[in-house]
Amino acid sequence: MTTVRTGTLLGWVREVDGAGTVHVEDVYDTDIDDLWAAVTEPARLAGWLGAVDGDLWVGGAFTASFRSSWEGPGRVDVCEVPTRLVVTVEPGAPDQTEVEARLVVEGERTRLIVEERGLPSDDAPDYGAGWQAHLEDLRAHLVGEAPTPWRERWQQLISSYRPETR
């Protein structure tokens, strides 16, 4: 397991049943309803993650184009407003993964926990750095700031998510 600490963000990558799992989380100075809107409404997602379009209800299909350059289809599997969202990315494809977002109230703040499961183990560190960069962009979005250049930030983070070579 690789653990990364940057500010209040904690992230790790590990192997579960032969596949990579990425876990990142951060606490935001906003209430759960505002954070839920930021992670589920297309207009808000565009400000930090990327363009999302389609049928955004359980069983609905969507397409996305992330700032990280990933583009593809997805499906909404679980939507428990305002605490849990689970989507399948690339449904039916050999490289299909599952992304789960959980929101937890912590006083006047809200914690967002994102896990992506089913990744190729060798690629999981790249996804860990990517999700951390996205959550940092979410923080900027919530306070009205522009996101950082995504690829530049990803490159700064990637070595922290890769296991040390001995």
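Buried means under 20% relative accessible area. I write this down before listing residues.

**Entry: the model**
I am working with a predicted model. I looked up the confidence and found a mean pLDDT of 92 for the chain. Of its residues, 93% reach 70 or more. I then checked residues 1-8, where pLDDT stays under 50. For this stretch the model has 27 contacts beyond four places in sequence.

**Entry: helix α1**
I turned to helix α1, residues 32-40. How many of its 9 residues are buried? I noted 7, and the helix is mostly covered. The buried residues are Ile32, Leu35, Trp36, Ala37, Ala38, Val39 and Thr40. I also looked at the start of α1, where aspartate 31 has a side-chain oxygen within 3.0 Å of the backbone nitrogen of aspartate 33.

**Entry: aromatic rings**
I searched the whole structure for aromatic pairs and got 3. One of them joins phenylalanine 66 and tryptophan 131, with 6.4 Å centre to centre and 75° between the planes. This pair is edge-to-face. I placed phenylalanine 66 in strand β5 (residues 61-66) and tryptophan 131 in helix α3 (residues 124-142), so the pair ties together parts that are 65 residues apart in sequence.

Are these two residues buried or exposed? Phenylalanine 66 has a relative accessible area of 17%, so I count it as buried. Tryptophan 131 is at 9% relative accessibility and is buried too. Last, I noted that Phe66, Trp70 and Trp131 form one aromatic cluster.

Technical notes: Residues are numbered from 1 along each chain as its sequence is written. This is a predicted model: local features need pLDDT of at least 70, side-chain atom pairs count only at pLDDT 80 or more; totals for chains, interfaces and linings use all residues. Side-chain values use heavy atoms; hydrogens and water are left out. Buried means under 20% relative accessible area, exposed over 50%, partly exposed in between (1.4 Å probe, protein chains only). Helices (H or I, at least four residues) and strands (E, at least two) are DSSP runs, numbered from the N terminus. A polar contact is a pair of N or O atoms within 3.5 Å; within protein, one must be able to donate a hydrogen and the other to accept it, and residues adjacent in sequence count only if both atoms are side-chain atoms. pLDDT is the predictor's confidence in each residue, from 0 to 100. Contact means heavy atoms within 4.5 Å. Rings of Phe, Tyr and Trp (its six-membered ring) pair if their centres lie within 6.5 Å; planes under 30 degrees apart count as stacked, over 60 as edge-to-face and the rest as tilted.
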